[in-house]
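Me: Please take a close look at one side chain and its surroundings, and then follow the packing into the rest of the model. I would like the cut-offs behind each term as you go.

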Amino acid sequence: MNRFNFLYAICFLLSGLLCGGCSKVGIDTFDETQATVTVPWNSVDVRTYPGYNSLTKTFDQTYSFWSDPEEETMVVNIPLKLVGDVRDYDRTVGYTIVRDSSRLLEGSYKGLNAVIPAGERYGYLTLELPKLVELEDTTCMMEIVLGASEYFVAGPPEYTRIKFSWDNQLPMLPSGSFYARTYNFLINAGQSMNLANYNYYSRNAHKAILAALGWPWQADQWPQYNRMDPDGYMFYNTAITNAYYELLQKYLDDYEQEHGTPLLHDGGLAINQPVRARKF
């Protein structure tokens with residue numbers, strides 16, 4: 001037997017001895033008695049239920065009564081996800097409101113239920129919200145942690161935290177570079193007109209745009225920067241942009257004349273600075 005064959009034989013024998021001396025380890029399988037509930041978090045979930053923030057490990061959801069101006073009470077559903085087998089009966093979900101990190105008003109909400117319905121893989125945590133007067137200048141925020149119940153065990157911490165905020169204020173502009181650039185193209189706060197984020201966003205400037213231009217509060221109905229507007233013009237057209245400037249600047253000048261002080265940004269990197277319209 002040459003040296004190579006000898007070494008091969010020794011290795012083969014040793015591997016057999018090691019395998020024979022080890023006890024067999026079974027493959028872990030899912031235990032249906034250990035079903036749990038999380039927030040929708042993976043790439044498939046967020047197509048239907050967007051909101052999971054992979055950096056903060058929370059599911060973020062907001063609501064404003066601006067979305068339902070005629071309603072005095074609103075019922076909202078925060079989505080939940082079953083990890084386990086479906087059943088032919090409803091199952092309640094355990095949860096805790098983290099009071100220390102929440103900002104709540106007296107009587108600002110009523111918890112209705114948290115459930116995974118029969119035959120479903122997604123459920124909901126339902127809250128009833130009254131339109132309090134204080135919500136016009138105060139934002140409530142509730143931090144929730146999903147937990148165990150008689151049907152479920154507690155899930156992993158990185159997929160069981162919820163941050164839900166609500167008020168009766170103008171909703172933040174939706175994400176998307178076209179919407180952000182539309183705002184930054186109109187408001188001159190020291191930022192680039194091509195900026196695709198909301199670092200310089202403020203609600204006061206947002207309200208000024210609505211009041212001056214007569215645009216709907218739903219920003220997805222606004223003309224989008226670098227896209228055709230409803231009249232068929234490109235939004236970066238200088239003449240069109242300056243026409244917007246004239247309307248917006250007149251509103252800001254009238255505001256300053258009426259109040260004796262300019263309208264100031266109430267948020268973003270330009271906070272407490274005068275709101276200015278952009279001109280070319």
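**Thr36 and the packing beyond**

Reply: A polar atom of the Thr36 side chain lies 2.7 Å from the backbone oxygen of Val153. The model is predicted, so local features need pLDDT of at least 70 and side-chain atom pairs count only at pLDDT 80 or more, whereas totals for chains, interfaces and linings use all residues. Residues are numbered from 1 along each chain as its sequence is written, and side-chain values use heavy atoms, with hydrogens and water left out.

Thr36 belongs to strand E1, residues 36–38 (strands are DSSP E runs of at least two residues, helices H or I runs of at least four, numbered from the N terminus). Thr36 counts as buried because its relative accessibility is 8% (buried is under 20% relative accessible area, exposed over 50%, partly exposed in between, with a 1.4 Å probe and protein chains only). Beyond its neighbours within four places in sequence, Thr36 is in contact (heavy atoms within 4.5 Å) with Lys81, Leu82, Val83, Phe152, Val153, Ala154 and Gly155.

The buried residues of H5, among them Tyr244, Tyr245 and Leu248, pack against H3 and H4.

How values were computed:
A polar contact is a pair of N or O atoms within 3.5 Å; within protein, one must be able to donate a hydrogen and the other to accept it, and residues adjacent in sequence count only if both atoms are side-chain atoms.
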